[in-house]
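Keep the sequence and the structure open beside you.

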Amino acid sequence: MRTELLKVTGMTCGGCTSNVTQTLKAIGGVADVKVSLSAGEATVQYDERVTSPDQLKRAVKGAGYGVAATDAANARKSKGSCCG
């Protein structure tokens, strides 16, 4: 098992954290997900033989949120799909 910390942008409410949690838990190989609205982070435990950090990031983006890049200037800003 590996652990990946994702900086998630665009989360504005508890509904957003729930959406991100459900999206990540739906990925094969994901064992545990903890999402913090205040920190803007998702901690994901996953089986690296089944999924990858890139797949986790694509899923978060597909749900309508951003994943902050290493360089903050390149971070995608979006508003979560649950908040309109």
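Two strands pair if DSSP finds at least two bridges between them. Strands (E, at least two residues) and helices (H or I, at least four) are DSSP runs, numbered from the N terminus. This is a predicted model, where local features need pLDDT of at least 70 and side-chain atom pairs count only at pLDDT 80 or more, while totals for chains, interfaces and linings use all residues. Residues are numbered from 1 along each chain as its sequence is written, and side-chain values use heavy atoms, with hydrogens and water left out.

**Exercise 1.** Find the bridge partner of Ser36 in E3, then describe the hairpin.

Solution. Start at Ser36: its partner in E3 is Glu41. Next, count bridges: six join E2 (residues 30-36) to E3, and the two strands run antiparallel. Finish at the turn: four residues separate E2 from E3, and Gly40 there has a positive phi of about 65°.

**Exercise 2.** Trace the pairing of E1 with E3, then give the strand order of the sheet.

Solution. E1 (residues 2-9) pairs with E3 over six bridges, in the antiparallel sense. Arg2 has Tyr46 as its bridge partner. Leu5 stands opposite Thr43. The open sheet has four strands in the order E2-E3-E1-E4, with antiparallel pairing. E2 and E4 (66-67) stand at the edges with a single partner strand each, so one side of each has no neighbour in the sheet.

**Exercise 3.** Which strands does helix H1 lie across, and which does H2?

Solution. Take H1 (residues 14-25): it lies across E1, E2 and E3, at about 165° to E2. Then take H2 (residues 53-62): it lies across E1, E2, E3 and E4, at about 30° to E1. Angles run from 0 to 180 degrees between N-to-C directions, and axes are lines fitted to C-alpha atoms, for helices over the stretch in contact (heavy atoms within 4.5 Å).
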